[in-house]
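Please look over the following model before reading on.

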Amino acid sequence: MNPHPYHGQAVALLTQHGKQTLLQDPLQQALGCQLLHTDSYDTDQLGTFTRDIARAGTQIDAARKKAQIGMQLLNTQIGLASEGAFGPDPFFGMSSWNTELLIWIDQQRGIEIMGWAQGAARSEQASIRTQAELAQFCLEAGFPQHGLTLRPDHEHHPQIRKGIHEQQVLQQAFAACLAESANGVVWVENDLRAHCNPTRQQMIRQAGDDLLRKLLSLCPSCSSPGYWISSQRSGLPCSDCHTPTRLPLTEIWQCPACELSEEKPQARAFADPAQCDVCNP
């Protein structure tokens with residue numbers, strides 16, 4: 001077998017929060033590339049989860065900027081970067097949800113390939129007044145495995161204490177925030193930075209798996225990595241009444257380099273009647 005197109009290639013990864021430990025081994029083993037890590041740029045300048053620095057642009061914009069800076073710092077033609085986002089779950093809007101993006105930029109080929117993962121997040125927030133309330137919050141927030149961030153008064157107070165993983169440090173930070181608080185309240189939340197949040201780390205690994213599947217899929221025309229599904233066409237017929245459903249009937253596969261496009265049928269020929277709007281209105 002021929003080596004992968006990225007075999008022996010240097011790939012820049014800019015991160016201050018330990019993401020190289022999550023991504024390095026799978027990528028290097030599967031592709032034969034060399035992942036080069038740098039932390040010589042303060043990525044907090046591109047936005048923070050604690051809201052003291054707002055993120056400019058979209059999640060993709062921020063990831064792309066990190067990859068470009070990493071390539072400049074390490075003088076490579078390929079860059080990898082990660083960017084996370086948190087919000088309400090897409091089902092009921094009542095629980096926290098984490099969406100992780102990995103972007104792979106190949107300047108020589110002029111392509112970008114993205115890996116995605118999303119799922120339930122460990123992102124608790126609360127206003128705390130007493131030790132009993134703090135103890136209950138720690139249980140819900142997964143402390144000490146998941147780090148905490150504390151501020152006096154409210155979620156936008158400029159005085160922030162981050163990366164708290166030890167009970168003694170937590171007590172000291174809580175006492176200090178109470179002393180600084182004007183209303184006797186301490187704002188406590190999960191630290192969402194990757195090195196402080198194991199739940200987010202798992203989501204980054206899943207995004208890495210998604211990215212790797214796409215990088216391993218080579219275009220049948222030009223052999224460029226990233227030959228993957230770009231869209232779907234609905235209409236898979238119901239196995240009972242044969243009415244077209246909203247499930248995909250075909251998938252559109254496209255190359256990011258030569259723009260080869262192919263329409264392929266789904267692996268299954270029929271949809272379950274439970275997923276049919278006629279049989280199961």
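**Helices and loops**

The buried residues of α1 pack against β1 (10-14), β2 (34-38), β3, β4 and α5 (198-216). Here contact means heavy atoms within 4.5 Å, and buried means under 20% relative accessible area, exposed over 50%, and partly exposed in between, with a 1.4 Å probe and protein chains only. Helices (H or I, at least four residues) and strands (E, at least two) are DSSP runs, numbered from the N terminus. This is a predicted model, in which local features need pLDDT of at least 70 and side-chain atom pairs count only at pLDDT 80 or more, while totals for chains, interfaces and linings use all residues. Residues are numbered from 1 along each chain as its sequence is written, and side-chain values use heavy atoms, with hydrogens and water left out.

Which residues of α1 are buried? They are Gln20, Leu22, Leu23, Leu27 and Leu31. Seen down the axis of α1, these buried residues fall within an arc of 145°, so they line one face of the helix; the arc is that of the directions from the helix axis to the C-beta atoms. An α-helix has 3.6 residues a turn, so residues three or four places apart point the same way. Thr21 and Gln29, on the other side of α1, are exposed. The twelve residues of α1 (residues 20-31) should span 16 Å at 1.5 Å a residue, and the end C-alpha atoms are 16 Å apart, which agrees. The expected span is 1.5 Å times one less than the number of residues in the helix. Just after α1 comes Gly32, with a positive phi of about 75°.

Helix α2 (residues 59-74) has 16 residues. From its first C-alpha to its last, α2 reaches 23 Å, close to the 22 Å expected at 1.5 Å a residue. Its buried residues are Gln59, Ala62, Ala63, Lys66, Ala67, Ile69, Gly70 and Met71, and what covers them includes β1, β3, β4 and β5 (111-120). Asn75 follows α2 and has a positive phi, near 55°.

Two loop residues remain. Phe91 is in the loop between β3 (78-88) and β4 (96-106). Is Phe91 buried or exposed? Phe91 is exposed, because its relative accessible area is 60%. His157, in the loop between β7 (148-152) and β8 (161-164), counts as buried because its relative accessibility is 17%. Leaving out residues up to four places away in sequence, His157 touches Arg151 and Pro152.
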